[in-house]
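I open a new notebook page for this structure. The entries follow the order in which I looked things up.

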Amino acid sequence: MNYEGNIIRPPSEAHSMIIQVTVGCSHNQCTFCGTYKGWEFRIKDMKTIKADIDEASSWGIPFTKAFLTDGDVLILPTKDLLEIITYIRRRNPRITRIGVYGNTKAILKKSAGELKELRDAGLGIVYQGIESGNVEVLRKIKKGAFPHKQKETAEKIINAGILLSQTVLLGIGGTEKSREHAIDTGKHLGDMSPDFASALTVMLLPNTELYRDYRSGKFKLPDKFGLLEELHLMIQHIQVHRPCFFTSNHASNYLPIRAHFPEEQDAVLRTLAHILKHRDDSVLRPEFMRAL
Ligand code: SF4
């Protein structure tokens, strides 16, 4: 395979055919993200992409899903994306769902008609990093997208009939903005009500601006119970208007949760309240097992 740089994918795409379509991320400015630092963004040429699809299709693995990397595949012209999706499905008739990462700017550039065309071709899920619902936090981390625009993109994806999976970042407001970040992010998630929502926890990576701020004392990360308090407060403020599967089972988190909201929301809140009350870390993931 002609993979270049860091190839990452959501945990739920572990068994998918992974095809690299872009190298890096067209934004590449988020202060906490080190994944594509040092890589200049570019779209790979169609010949290389198809050669990788041919190779992966020849492995004899009965893939049912495919995932297109890197950071911002929806930035591709729609006709090129349609060509790639159609080619994957022609070579692999069992593949019924194709997923991509999509950032807010890229999603907004697609018209409702284009998104429906992509859905009809096989685009089944878009993963979007929201990180926070707090304007000041989003500005500080240079996300390049604010809540009202994120909400607009969520509506576009959902209205097109494509599954939406959003991630938020525990700890990204630091100790200073922990409370506001938790409350605003909970409200924002409820407002958008994606099909899937995941909380990850900030990991301080040495090649990032956030790490430099941490070293200089400008940024202070809440401790593990501070992060759980954030999670508890966030979940308290989530009011979904359609079913949402909430997880915090990413390896960066201290406490794995998998729950259907709203049905299981109260049970999750009770569990979190119990852990927080007793400061019980026996149920938490040990530090050495946390990873990105
Ligand atoms: S978090 Fe996402 S949008 Fe931000 S730099 Fe990393 S890949 Fe790009």
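Which residue in β7 is the bridge partner of Glu131? I found Val168 there. I note at once that the model is predicted.

**Entry: β6 and β7.** β6 covers residues 123-131 and β7 covers residues 163-170. They run parallel, joined by six bridges.

**Entry: the whole sheet.** I then traced the strand order, which reads β1-β4-β5-β6-β7-β8-β9-β10. The sheet is open, has eight strands and shows mixed pairing. β1 (17-20) and β10 (258-261) stand at the edges with a single partner strand each, so one side of each has no neighbour in the sheet. On average, neighbouring strands of this sheet are turned by 20° against each other, direction ignored.

**Entry: from β1 to β5.** β1 and β4 run parallel and are joined by four bridges. Gln20 stands opposite Thr69 in β4. On the next step, β4 pairs with β5 in the parallel sense, again over four bridges. Leu68 has Val100 in β5 as its bridge partner. I also checked burial in β4: four of its five residues are buried, so the strand is largely enclosed by the rest of the structure.

**Entry: from β8 to β10.** At the other end I looked up β8 (residues 196-201) and β9, which run parallel and are joined by three bridges. Ser198 has Thr247 as its bridge partner in β9. β9 and β10 pair in the antiparallel sense over four bridges, and Phe245 stands opposite His260 in β10.

Which way do the side chains of β9 (residues 244-247) point? Cys244 and Phe246 point one way, Phe245 and Thr247 the other, and all are buried. I set beside this the general rule that side chains in a regular strand alternate between the two faces of the sheet.

I looked further at Thr247. Its relative accessible area is 9%, and it is therefore buried, the cut-off being under 20%. Leaving out residues up to four places away in sequence, Thr247 touches Ala197, Ser198, Ala199, Ile257 and Arg258.

**Entry: cis peptide bonds.** I noted a cis bond between Thr69 and Asp70, with omega about 0°. Asp70 lies in the loop between β4 and α2. The peptide bond from Phe261 to Pro262 is also cis, with omega near 10°. Pro262 is in the loop between β10 and α10 (265-278).

**Entry: positive phi.** Lys142 is not a glycine but has a positive phi of about 60°. I placed Lys142 in the loop between α5 (135-140) and α6 (147-159). Ser193, not a glycine either, has a positive phi of about 45°. Ser193 sits in the loop between α7 (178-192) and β8.

Are these two residues buried or exposed? Lys142 has 37% relative accessibility and counts as partly exposed, whereas Ser193 has 0% and counts as buried.

**Entry: the ligand.** Which residues are around the ligand? I wrote down Cys25, Asn28, Gln29, Cys30, Phe32, Cys33, Tyr36 and Lys143. This shell divides into five nonpolar residues, two polar and one charged.

**Entry: Asp213.** Asp213 lies in helix α8 (residues 209-216). Not counting residues up to four places away, Asp213 touches Lys218 and Phe219.

**Entry: the chain as a whole.** The protein chain has 10 helices and 10 strands. Its radius of gyration is 19 Å, which agrees with the value near 19 Å for a compact globule of 292 residues. The C-alpha atoms fill a box of roughly 55 × 40 × 35 Å along the principal axes. Buried residues make up 53% of the chain. Of the contacts with a separation of 6 or more, 78% join residues 24 or more positions apart.

Methods
Residues numbered from 1 in each chain as written. Predicted model: local features only at pLDDT ≥ 70, side-chain atom pairs only at ≥ 80, totals over all residues. Heavy atoms only, no water. Pairing = 2+ DSSP bridges. Helix = DSSP H or I, 4+ residues; strand = E, 2+ residues; numbered from the N terminus. Axes fitted to C-alpha atoms, helices over the stretch in contact; angles between N-to-C directions. Near = heavy atom within 4 Å. Nonpolar A, V, L, I, M, F, W, Y, C, P; charged D, E, K, R; others polar. Rg over C-alpha atoms; globule rule 2.2 N^0.38 Å. Buried < 20%, exposed > 50% of the residue type's maximum accessible area, 1.4 Å probe, protein only. Contact = heavy atoms within 4.5 Å.
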